[in-house]
Amino acid sequence: MMEENKQGQFILSSGDGAQPYNYAVGTWGSKFLTELRDKEQILGIRCPKCRTVYVPPRQVCGPCFTEMTELVPVASEGKIVSYTILRFQFLDPETGEKKPVPYGYGFFKLDGADNNFQHFIEVPEDESRLYIGARVKAVFAEKKQGSLRDIKHFTLVNE
């Protein structure tokens with residue numbers, strides 16, 4: 001369950017689960033989730049030293065050890081870097097519902113970002129249309145709640 005506190009930061013909680021937990025996603029994570037929810041905009045953060053753009057935003061650039069504060073919008077489209085198609089069903093821990101099969105999961109290099117973003121990918125009827133380098137775009141959920149699930153999945157861009 002995702003809740004927003006008075007400072008506009010999101011708190012993730014397992015609710016009544018057997019192993020309850022709470023953690024804050026931090027300032028940059030909260031801004032990232034707020035933009036997803038309110039504007040369907042994906043935000044990255046740029047390192048002032050090496051100019052690398054990370055999605056989702058993080059506080060410190062790994063290679064440079066430099067604090068980052070410059071949020072930048074990145075495209076909701078990009079290319080498949082890696083993917084897999086899963087054919088076994090399980091209970092989704094976030095929803096408690098069975099995940100329909102087949103479903104895909106992949107890493108995407110979003111236009112304007114330098115790292116890979118991972119998420120679900122819609123599996124087309126003709127699975128041969130999925131390949132490394134294929135263009136994809138984010139499909140946003142109708143009901144948004146301030147979580148990564150505000151992106152329902154990525155789908156192939158008709159080329």
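With which side chain does the side chain of E40 make a polar contact? In this predicted model, the partner is the side chain of K144, at 2.8 Å. E40 itself sits in the loop that runs between helix 1 (26-39) and strand 4 (42-46). Beyond its neighbours within four places in sequence, E40 is in contact with E35, F140 and A141 as well as K144. The C-alpha atom of E40 also comes out 8.6 Å from that of S76, a residue 36 positions away along the chain. With a relative accessibility of 38%, E40 counts as partly exposed.

Read from the N terminus, the elements go β-β-β-α-β-β-β-β-β-β-β-β. The chain has 159 residues, and 38% of them count as buried. Among contacts with a separation of 6 or more, 48% come from residues 24 or more positions apart.

One piece of this architecture is an open sheet of 3 strands, in the order 5-4-6, with antiparallel pairing. Strand 5 (53-54) and strand 6 are the edge strands, each pairing on one side only. Strand 4 and strand 6 pair over 5 bridges, in the antiparallel sense, and here R46 stands opposite E70 of strand 6. Helix 1 packs on this sheet and touches both strand 4 and strand 6. The direction of the helix makes about 150 degrees with that of strand 4.

Further along, strand 10 (residues 135-140) takes part in two antiparallel pairings. With strand 7 (residues 77-86) it pairs over 3 bridges, and G78 has V136 of strand 10 as its bridge partner. With strand 11 (residues 151-156), strand 10 pairs over 5 bridges. In that case the bridge partner of A138 is F154 in strand 11.

F154 turns up again in the largest nonpolar core, which holds 24 residues. The members that touch the most other members are F32, I42, V55, I80, L110, I151 and F154. At least two residues of this core come from each of helix 1, strand 4, strand 6 (70-74), strand 8 (103-110), strand 9 (117-121), strand 10 and strand 11. There is also a second, separate core of 7 residues, with W28, C47, C61 and M68 among them.

Leaving out residues up to four places away in sequence, V55 touches F32, I42, L43, G44, V74, L110, A113, N115, N116 and F117. The peptide bond that leads from V55 to P56 is cis, with omega near -10 degrees. P56 belongs to the loop between strand 5 and strand 6. A cis peptide bond also joins V101 and P102, with omega about -5 degrees, and P102 lies in the loop between strand 7 and strand 8.

Not counting residues up to four places away in sequence, K99 touches Q89, F90, D92 and F120.

The cysteines come next. A search of the whole structure turns up 0 disulfides. C50 is in none, and the nearest cysteine sulfur to it, that of C64, is 3.6 Å away. As for accessibility, C50 is partly exposed at 33% relative accessible area, whereas C64 counts as buried at 18%.

R51, although not a glycine, has a positive phi of about 70 degrees. R51 is placed in the loop between strand 4 and strand 5, and its 46% relative accessibility makes it partly exposed. F65, another residue other than glycine, has a positive phi near 55 degrees. F65 is found in the loop between strand 5 and strand 6. With a relative accessible area of 70%, F65 is exposed.

Notes: Residues are numbered from 1 along each chain as its sequence is written. This is a predicted model: local features need pLDDT of at least 70, side-chain atom pairs count only at pLDDT 80 or more; totals for chains, interfaces and linings use all residues. Side-chain values use heavy atoms; hydrogens and water are left out. Two strands pair if DSSP finds at least two bridges between them. Helices (H or I, at least four residues) and strands (E, at least two) are DSSP runs, numbered from the N terminus. Buried means under 20% relative accessible area, exposed over 50%, partly exposed in between (1.4 Å probe, protein chains only). Contact means heavy atoms within 4.5 Å. A polar contact is a pair of N or O atoms within 3.5 Å; within protein, one must be able to donate a hydrogen and the other to accept it, and residues adjacent in sequence count only if both atoms are side-chain atoms. A nonpolar core is a set of buried Ala, Val, Leu, Ile, Met, Phe, Trp, Tyr and Cys residues joined through side-chain atoms within 4.5 Å. A disulfide is a pair of cysteine sulfur atoms within 2.5 Å. Axes are lines fitted to C-alpha atoms, for helices over the stretch in contact, and angles run from 0 to 180 degrees between N-to-C directions.
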